[in-house]
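Biologist: Could you walk me through this one? I'd like to start with the ligand and then move on to the pockets.

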Amino acid sequence: MKYILHNYRRCPFCIRVRILLYLKGIEHEVVEEPLRKWTTWMQEWSTRAKERPRIPILRGIDAEGTERVFTESNEINRMLNALDGKPTYTPNVESIEYVKMIDWFTWCDTIFKQQVDLFKYGKNLVMDADMHSTHVHGLRTMVQKIEDELPSGYLLGEKLSLADIAIIPFVRQIMRTRGGEFDFTDFPKVAQWTQTITETDWFKNDVMKKYPLAPMGL
Ligand SMILES: N[C@@H](CCC(=O)N[C@@H](CS)C(=O)NCC(=O)O)C(=O)O
C-alpha cells in the first residue's frame, strides 16, 4: 500500500498522524497543503465527498491503483495502528482503557481544543485582552485535569497510547503560544510527558520535518 498524507506542518491534528506514521515505521509521501487554498486533489476530493476540505487526509493506494481516503486524525491513527506490525498504541478493545482512550479523544477535540483556541486567539478568533486571564484560568483547570491523570507516566498507564498522541500536540501548541507565557510550574508531569515526545530527535527531525509547499496544480 502506498500512503500519501495531505498535511500542514504546524497543524496539531496532522502532528498526531505524523507521530504514529513515524512510530509504526510506515512509509509515506507528504503533500504540504497550501492551507485554505488547497491543491487540486483536495478541491476535487472535497467536491466528490461533499465535505469541506480539511487536513489531515491520508490516502492509501493499493497495487491495483484503488484508492481509499481516510479523514479525522484519531480515526486515521486507529486505522494505522491496526495495520500489521508492532508495537501497538491502543489498549484491548474490550478493556476499560479503550473506553478511556475514546473519552480523551472526545475531551480533547470538543473541550480542550476550544480552550486552547481561546487562549491563543481570543473569542471568535479576536484577541479579547480583558478576557485573557479568564481564558488562562480555564486552560489551567484543563491542564490540571491532565496533570491529575498522569500518575503512571501516560494517560492510560505505563504505555504510550493514541490518547497521549492525540493530546500532546495541543500541549505543545500551548507551550509555543504567546512567547511561552503559560506557566507550567504547577504542572510538572504534563510538561515532562509532553517533552518525552517533543524533545526527542525523531520528533524534531522527522515528525516536524519541513516540506516544500505543494504546487496548487498537484
Ligand atoms: N477533526 C479533524 C479536525 C481537522 C482540522 O480542523 N484541521 C484544520 C487544520 S489544523 C483544517 O484543515 N482547517 C481548515 C479549515 O477548517 O478550513 C481531525 O481530527 O482531523
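Modeller: A polar atom in the side chain of Ser73 sits 2.7 Å from an oxygen atom of the ligand, and please keep in mind throughout that this is a predicted model.

Biologist: What does the side chain of Arg52 do with the ligand?

Modeller: An N or O atom of the Arg52 side chain is 2.4 Å from an oxygen atom of the ligand.

Biologist: Which residues are around the ligand in total?

Modeller: The residues around the ligand are Cys11, Phe13, Arg16, Arg36, Trp38, Arg52, Arg54, Ile55, Pro56, Glu72 and Ser73.

Biologist: Is the peptide bond between Ile55 and Pro56 cis or trans?

Modeller: The bond joining Ile55 and Pro56 is cis, with omega at about 5°, and Pro56 belongs to the loop that runs between α2 (40-49) and β3 (57-61). Most peptide bonds are trans, and most residues other than glycine have a negative phi. Trp38 has a positive phi, near 70°, although it is not a glycine, and this residue is found in the loop between β2 (29-32) and α2.

Biologist: Switching to pockets, what volume does the largest one have?

Modeller: The largest pocket has a volume of about 1,200 Å³. Its lining comprises 34 residues, of which Cys11, Pro12, Phe13, Arg36 and Lys113 are the closest to its centre.

Biologist: Which helix gives the most to that lining of the largest pocket?

Modeller: α4 gives the most, with six residues, while α1 (12-23), α4 (96-121) and α6 (162-176) each contribute at least two residues to the lining of the largest pocket. Looking at domains, at least three lining residues of the largest pocket come from domain 1 (2-88 + 203-207), and at least three from domain 2 (96-201).

Biologist: How does the lining of the largest pocket split by class?

Modeller: The lining of the largest pocket has 16 nonpolar, 13 charged and five polar residues.

Biologist: OK, and what lines the second largest pocket?

Modeller: The second largest pocket, with a volume of about 150 Å³, is lined by Arg172, Met175, Arg176, Gln195, Thr198, Glu199, Phe203, Lys204 and Met208. By class, these lining residues divide into four charged, three nonpolar and two polar.

Biologist: Which helices supply the lining of the second largest pocket?

Modeller: α6, α7 (188-198) and α8 (201-207) each supply at least two residues of the lining of the second largest pocket, and α6 gives the most, with three residues.

Technical notes:
Residues numbered from 1 in each chain as written. Predicted model: local features only at pLDDT ≥ 70, side-chain atom pairs only at ≥ 80, totals over all residues. Heavy atoms only, no water. 1 Å grid on protein atoms, 1.4 Å probe; cavity = no way out; pocket = protein on both sides within 12 Å on 5 of 7 lines; lining within 4 Å. Points joined across faces, edges and corners; volume = space filled by probe spheres on them. Helix = DSSP H or I, 4+ residues; strand = E, 2+ residues; numbered from the N terminus. Nonpolar A, V, L, I, M, F, W, Y, C, P; charged D, E, K, R; others polar. Domains from an automatic or database assignment. Near = heavy atom within 4 Å. Polar contact = N/O pair within 3.5 Å; in protein donor to acceptor, adjacent residues only side chain to side chain.
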